[in-house]
Amino acid sequence: MFAFEKLEVWQDTMDMSVEIYHLTEQFSLTDQIRRAMTAVSANIAEGNSRNTGKDTAHFLSIAYSSLMETMNHLILAQRLGYIEKETVNYLRLKIEKAGAQISALCNYHQNR
């Protein structure tokens, strides 16, 4: 098992990626949402393999940005009527949790 696989935030964002894949099969934003959400766990994994705290923090920052991009696309999909507000609110809570975890990890590695 690689070190990033032990991180709760990586496990949670990977689970969200699976949920997003299932959810987005229905509409045209599919590829954008999938790429954005998949980039979160990928950047966490890549950053966790870096040798310096600065490099790790850089990739965690990208992961956070991709998480916010995902939220943006979900809001758009809801406004377009593709998904229900309740679904967006459910995913928003998960995104808020992951965002806080990523921010905490980023702060830790910036100060390392």
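L76 is placed in helix α3, which spans residues 53–79, in what is a predicted model. Together with L80 and Y82, L76 makes a nonpolar surface patch of about 260 Å². Along the chain L76 and L93 are 17 residues apart, and their C-alpha atoms are separated by 17 Å.

When neighbours within four places in sequence are left aside, S66 is in contact with A36, A39 and V40. T56 also lies in helix α3, and its relative accessible area of 3% means that T56 is likewise buried. With neighbours within four places again left aside, the contacts of T56 are with G47, N48, R50 and H109.

The largest nonpolar core comprises 26 residues, of which V40, I44, L67, L74 and I102 touch the most other members. Two or more residues are given to this core by each of the elements α1 (8–24), α2 (30–48), α3 and α4 (85–110), and the largest share, seven residues, comes from α3. V40, one of the residues that touch the most other members of the core, is in contact with T13, A63, S66, L67 and I102 once its neighbours within four places in sequence are set aside.

Charged side chains were examined next. Side chains of opposite charge can pair when their charged atoms come close. The count comes to four salt bridges in the model. K97 forms a salt bridge with E8, in which the closest N and O atoms are 3.2 Å apart; this pair links distant parts of the chain, since K97 belongs to helix α4 and E8 to helix α1, 89 residues apart. Both partners are partly exposed, K97 with a relative accessible area of 42% and E8 with one of 44%.

A salt bridge is also formed by K94 and E19, with the closest N and O atoms 2.7 Å apart. Here too the pair links distant parts of the chain, K94 being located in helix α4 and E19 in helix α1, 75 residues apart. K94 counts as partly exposed at 26% relative accessibility, and E19 counts as partly exposed at 25%.

The side chains of R50 and E46 meet in a salt bridge with an N to O distance of 3.0 Å. R50 is partly exposed, with a relative accessible area of 34%, and E46 is also partly exposed, at 35% relative accessibility. Salt bridges that share partners join E8, D12 and K97 into one network. R50, besides its salt bridge with E46, is one of the contacts of the buried residue T56.

Technical notes: Residues numbered from 1 in each chain as written. Predicted model: local features only at pLDDT ≥ 70, side-chain atom pairs only at ≥ 80, totals over all residues. Heavy atoms only, no water. Patch = residues over 30% accessible without salt bridge, like charges linked within 9 Å, V, L, I, M, F, W, Y side chains within 5 Å. Areas by Shrake-Rupley, 256 points an atom, 1.4 Å probe, with all protein chains shown as cover. Helix = DSSP H or I, 4+ residues; strand = E, 2+ residues; numbered from the N terminus. Contact = heavy atoms within 4.5 Å. Core = buried A, V, L, I, M, F, W, Y, C linked by side-chain atoms within 4.5 Å. Buried < 20%, exposed > 50% of the residue type's maximum accessible area, 1.4 Å probe, protein only.
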